[in-house]
Amino acid sequence: MFDQAHPRGVPHLYLTLLGTSVDHLVHAYGLRLLAENLRHVDEAGLQSYLVARHPATVPLYMRHGLEMLEPFPLPVGGLAVFPMRRHPNACQRAAGPTGLPAATIARHLPPRVLSGPAIRS
């Protein structure tokens, strides 16, 4: 499934293994690391690709110019993952909605995420 969702024929960088311990979320280390990596990707003129493993992180990534592609369910547990891509210099493009509508994201959110605290950058 992951292989089928991965982009083909487009030069890109795959951003993987980026995460922050819950105890350190308030420091925004992960967001700073993401922003720095995206700056290098922009300088190289490449697209970037990642897979968000939790639906609550999708809006966070969208604020950094990534757009959500079609989510797909994991074979075990029925949870969905969210492939995302970003065109070079996406944050400099005209503002406006990108990717799939919020209703598509919400469809994959467990009830506790919909009522839980918002993720802040």
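Is Arg86 buried or exposed? Arg86 is buried, at a relative accessible area of 4%; buried here denotes under 20% relative accessible area, exposed over 50%, and partly exposed the range in between, with a 1.4 Å probe and protein chains only.

Before I continue, a word on the source. This is a predicted model, in which local features need pLDDT of at least 70 and side-chain atom pairs count only at pLDDT 80 or more, while totals for chains, interfaces and linings use all residues. Residues are numbered from 1 along each chain as its sequence is written, and side-chain values use heavy atoms, with hydrogens and water left out.

The pLDDT, the predictor's confidence in each residue on a scale from 0 to 100, averages 75 over the protein chain, and 74% of the residues score at least 70. Residues 94-100 have a pLDDT below 50, and this stretch makes nine contacts in the model beyond near neighbours in sequence, a contact being heavy atoms within 4.5 Å. For residues 110-121 the pLDDT is also below 50, with 14 contacts counted in the model beyond near neighbours in sequence.

Let me turn to the overall fold. The protein chain has five helices and five strands, taken as DSSP runs numbered from the N terminus (helices H or I, at least four residues; strands E, at least two). From the N terminus, their order is α-β-α-β-α-β-β-β-α-α. Of the 121 residues, 31% are buried. Among contacts with a separation of 6 or more, 69% are between residues 24 or more positions apart.

I return to Arg86, which belongs to strand β5, residues 80-86. Its side chain forms a polar contact of 2.7 Å with that of Asp42; the term requires a pair of N or O atoms within 3.5 Å, and within protein one must be able to donate a hydrogen and the other to accept it, with residues adjacent in sequence counting only if both atoms are side-chain atoms. Leaving aside residues up to four places away in sequence, Arg86 also touches others, including Leu38, Leu46, His64, Leu66 and Cys91.

Finally, the backbone. Most residues other than glycine have a negative phi. Ala28, however, has a positive phi near 60°. Ala28 sits in the loop between β1 (12-14) and α2 (29-44) and is partly exposed, at 22% relative accessibility. Asn89 likewise shows a positive phi, of about 55°. Asn89 is located in the loop between β5 and α4 (102-107), and with a relative accessible area of 30% Asn89 is partly exposed.
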